[in-house]
Amino acid sequence: MWKQFLTKLPKKSSASGKGDPGSGSSPGRNDAGNGGTIQRTSSCPGAGPARPVSSVKRMSSAVFPSSVVAGIEPLVSFKDVPNGEKQNLFVSKVSLCCVVFDFSDPNKNSAEKDFKRQALLDLMDYVDSASSRFTETMVAACCRMFTINLFRVFPPNYLSGSSGCGEGEEEEPMFDPAWPHLHLVYDLLLKFIGSSSLDTKVGKKYFDHTFIVKLLELFDSEDPRERDCLKTILHRIYGKFMVHRPFIRKAVTNIFYHFVFETDCHNGIAELLEVFGSVISGFALPLKEEHKIFLWRVLIPLHKPKSVGLYLQQLTYCVTQFVEKEPKLASSVILGLLRYWPITNSQKEVMFLSEIEEVLEATNSVEFQKCMVPLFRRIAQCINSSHFQVAERALFMCNNDHIISLVAQNRQAIMPIVTPALEENIQSHWNVSVLNLTTNVKKMLSEMDEELFSACLATHKEAEEMRALLEGKRRLAWELLESAAAFQPVTGNTAVLVSR
């Protein structure tokens, strides 16, 4: 089998390190400029400098690390070797997978890519069926292989409207041509970390802080399939290695800080928030101060970027998890949302109103009273918005039974704020749908407390009459000033009033 395989390999040999520009390349990068030959990877166990040997040995060394050639043939199936040799075969197959291919040309090294793919599938089957503990050598070899295959630098993004850098929801995602092998490596990583054969004490030494930071950097990938895999793997690491949990939370928090306050550009915010949604749901009560600070300094400011619509669903889930766990946080959350309320972006206003409604559903009356006045002042402004979607969304909040019950309990403070906005809509709003909704809300408030509602209407009418009177007096005063100034002679530096 080995001889048959060697006949399929490229005839160009790179055994000698002299004059080979690719022999010193870093293990985590694809060699696109070496004419299709695959270089040895120094990160694999036992990989040493190439030296001239026999022609067969030189050809095999150009394709696989020396440890693979010297050890058990990695193309053999696990079922064809005795149990005592399976661990060595596992390491040999892992070393074979350390070779990185150039996937920009699908026809380049197709045979070798197939061998690597089969090796990855064999490794996954072995991990699934493993009955004994993985040795430290096996764990170290796997960690190196994952590092070589997965950790890479993404090319710069020249698209100004990319998925994570603005509101370009319609932009097509970028798909990595190496995904046919990358997804197998990700699947193997997921199975390996989740396997009961991986000793946590050994695993935490190799899946350490450096590995976690490199893994988090991959969340900026433009390939949504890769981000989805990373999301599952990060959650598995968080659950497996408890000692790394504080570091993971801190590292992800730094990513959020960098996104909100510096770059405003990241592709994986939604996936990271989805992981943290599960993490937050597992927080013990009472909440630690560290977790509350994460809410105030990270989750609330995450409403500021203009691309919030791309991850609002996950962000809202995280925020509501905090409120459900500790209802006392509701008023501070609502006041925080009001602080970051969009003024010139109507679509974001609609999103904020939706999130406010979800938070209010988990808010009790005591916390509601702490923020109801500034909240309903903002809602009243939204009701009067000339953008009909904003006005509709604000009026639709009155269909929520829990919100109506909170309004009914505090109608003495809320009704004087909302009633003028409803009257202004009825008198001047251009949209028919908004007018109909306004009429319905006005009827509902009138039925809630007819006497109070009538008093609010009367107060609003008086205020309007007083405003009209003051406006008339102000206009008359200016007319008198203009008339008086017109008869004054212009002397020296006297200011001249130009009539309209």
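Helices here are DSSP runs of H or I, at least four residues, numbered from the N terminus.

Two notes on the source. This is a predicted model, where local features need pLDDT of at least 70, side-chain atom pairs count only at pLDDT 80 or more, and totals for chains, interfaces and linings use all residues. Residues are numbered from 1 along each chain as its sequence is written, and side-chain values use heavy atoms, with hydrogens and water left out.

Back to α16. Which residues are buried there? They are K348, E349, V350, F352, L353, E355, I356, E357, V359 and L360. Buried means under 20% relative accessible area, exposed over 50%, partly exposed in between, with a 1.4 Å probe and protein chains only. At the start of α16, a side-chain oxygen of N345 comes to within 3.2 Å of the backbone nitrogen of Q347.

Now the length. Helix α16 has 16 residues, 346-361, so at 1.5 Å a residue it should span 22 Å; the end C-alpha atoms are 23 Å apart, which agrees. The expected span is 1.5 Å times one less than the number of residues.

Next, N267. This residue sits in the loop between α11 (245-263) and α12 (269-281). N267 counts as buried because its relative accessibility is 11%. A polar atom of its side chain lies 2.8 Å from the backbone oxygen of D220.

Last, L470, in helix α22 (residues 450-486). L470 is at 43% relative accessibility, so it counts as partly exposed.

Definitions and conventions:
Helix = DSSP H or I, 4+ residues; strand = E, 2+ residues; numbered from the N terminus. Polar contact = N/O pair within 3.5 Å; in protein donor to acceptor, adjacent residues only side chain to side chain.
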